[in-house]
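Please find below a short note on the fold of the chain shown here.

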Amino acid sequence: MKYVDEFRDPELTTQLLHELTAATTKPFRVMEVCGTHTMAIFRSGLRAMLPPAIELISGPGCPVCVTSASHIDAFLQMAELPGTHLAVFGDLFRVPGSNGATLAHARARGAKIDVVYSPMDGLELARQNPAEQVIFPGIGFETTTPGIAATILAARQQNIDNFMVFSTHKTMLPPLMALLGDPALGIDGLLCPGHVSSIIGAAAYQPLAEENHLACVVGGFEPTDILQALILMARQISEGRAEVKNAYTRAVTWEGNPRARSMVDTIFEPVDMEWRGLGIIGGSGLAIRKEFAGFDAQSRLSITVPESKEPPGCLCGQILKGITTPPTCPLFGRRCTPSSPIGPCMVSSEGTCSAWFTYGNHTR
Amino acid sequence: MTQNISPHRAETILLDHGSGGLASQELISSLFLKHLGNKVLSALEDSAVMDNQPGRLAFTTDSYVVDPIFFPGGDIGTLAVHGTINDLAMRGARPLCLSLGLILEEGLPLVDLERIIISIRDASQNSGVPIVTGDTKVVPRGKADKIFINTSGIGLVADGVEISATRAQAGDKIILSGSMGDHGITIMTRRAGIALAGDLRSDSMALHALVQRLLAGLPPGSVHTLRDPTRGGVATTLCEIAGSSGLMIEIEESRIPVRTEVRAACEILGLDPLYLANEGKCLALVAPEVAEQALALMQACPEGAEAAIIGTVTSGGRSSSIHGASDTRPSLTGDPGRVTLKTTIGGTRVITPLHGAPLPRIC
């Protein structure tokens, strides 16, 4: 398959692994920010092939995983209101809220919830069911936000007034600044998320590289993409440099996508946001602007977001911060599995715990 | 004067059609017997009586509730015939006959029902396995989703044929009879209303002829295990075989046939074709010395034209981590019951059974 097979070429992979080994002159710790990276590294088998001097730490880049229990509780509240119909991304469906209840449970009890592949499908649902209030729980980072903004603009243009979004949208840089400012984490390099970077641009990581002395490399998601990014990182670390490099030039530019950013700015404004495991991070979220309040489910339906209660014993918070790895969690692989997840990192296929469980050695 | 209006002339299924009265009889004669009639079924007795034949009996049942009921490559009717035939075939049985139980939702368009019955007729005739007994119930609107089908099947297992997951042996070669994931991805994309370029089609087909040719063409006892990787896909089925036999299985990603369209759809949706359902494929575990012969036999059948050897059964026993003791990375141990995949780039990862339904990722 074009654009895929050439990036999974076994000979090229071997060659790049040799180059990476040669470039790695001292041990270093890399945070792979994005859940898609975590999954790709496991699924391709790359994790076990890397030089042992490279330690990979998963970061807070799985959108489902960082959705707070309180926001799941709010989604559940909306699902149970009469006349509402939720259109949700599939991997949100099994994420437990504060008391373990999920949208899957709510649907079994009679709530109207459909899994959709795009927010535009939610808008279509609203068009087809004018008597219902169709709500799209907005989750995700810069990658998904432009699509949501475009959907709200389309709803306004088409005068569809029974479509709403509950925004828990987040931006990637504030938590990274907060997390990586902690020297205890000991991160040397950042494998920057390819999809988010296509919107925010490689330039966005400049302050992180400068202020935290981090080798930041934007990487794609195929094995050879990841290896190329790690080579650029290893060379910097060996030479004591901390710069921003782009190893994913077929998708990411230095400036990113200003048009998508401007569309997001039209609809959303920065707000403090609660992250699962990380708490409230100033200016890390996006709220719908007053001019578009008609599409804001939280204000239109007067939803109060309750206080989050994390499941006892769950280490998702520490795992999202990169402080610990899944096998150290007492619930991992025992009470918490992909079929009955307790914490969010086990739910999404891109979650760190799910990746370790699915592709690693999970018997303990 | 409702008697003047034949319920069958109505455009949809009514509760009357399941009453057991006149409307039921009319549906049976003008639709079911018209298309499916044979000597045994058309006698309309309370049960089918079949002649005794030598061999052991294989007996299986399966229910079909697929949504959408029509999809490229088949419909709920073809699945109901092929699925049950394949369950018989996977024990080495020659399928003899099927039962057909229908649960219809009030309001099901008759034209849809007839289309499904014609599919069942074609699948049954092409497979040479008749429907010999049947039943129909109608439930009020909303109590079922359009149509649910149950089929049971009886087959005969010839003397000397012993096929079971527990018979897998170290050294066995694993053959997959064709490309993987076609049915699962077709249903998922249809259900989601996703229009993708390319020709995604269900692989719904009967495999008993292929199995009979395999058994006839190979030395007795050399086919150890046959399984059709339906829900849960090739990954889950191999995990079940490894679990039942207490052996290890190693497969190679680059050898597993997956159609380009299926791979592309999986890449877009974040799905792994190893976990997608198949409805016309089987995994055969055969003694290593007959593997090439078995492959050639399968490839000579239209159902197995794209068959490939995808892996090997091993006794395991390599119980140490492939990393150093202090390494925090996941280890790939050689525990009994474990399935591992050699990835395209030369890495290795463990394959676990499917947990929950496959869900597409958000970005």
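**Note on the predicted model**

1. Five strands of chain A form an open sheet with parallel pairing, in the order β2-β1-β7-β8-β9. Strands pair if DSSP finds at least two bridges between them. At the edges, each pairing on one side only, are β2 (54-61) and β9 (244-246) of chain A. Neighbouring strands of this sheet are turned by 20° against each other on average, direction ignored.

2. This is a predicted model: local features need pLDDT of at least 70, side-chain atom pairs count only at pLDDT 80 or more, and totals for chains, interfaces and linings use all residues. Residues are numbered from 1 along each chain as its sequence is written, with chains lettered from A and ligands numbered from 1 in the order in which they are written.

3. Within the sheet, β1 (residues 28-34) and β7 (residues 189-192) of chain A run parallel and are joined by three bridges. E32(A) has L191(A) in β7(A) as its bridge partner.

4. Helix α10 (residues 223-239) of chain A lies across β1, β2, β7, β8 (215-218) and β9 of chain A. Its direction is at about 165° to β8(A) (axes are lines fitted to C-alpha atoms, for helices over the stretch in contact, and angles run from 0 to 180 degrees between N-to-C directions).

5. Chain A holds 14 helices and eleven strands (DSSP runs: H or I of at least four residues, and E of at least two). Contacts are C-beta pairs, placed from the backbone, within 7 Å; of those in chain A with a separation of 6 or more, 77% join residues 24 or more positions apart.

6. The radius of gyration of chain A is 21 Å, which agrees with the value near 21 Å for a compact globule of 364 residues (taken over C-alpha atoms; the rule is 2.2 Å times the number of residues to the power 0.38).

Technical notes:
Two residues are in contact if their C-beta atoms, placed from the backbone, lie within 7 Å.
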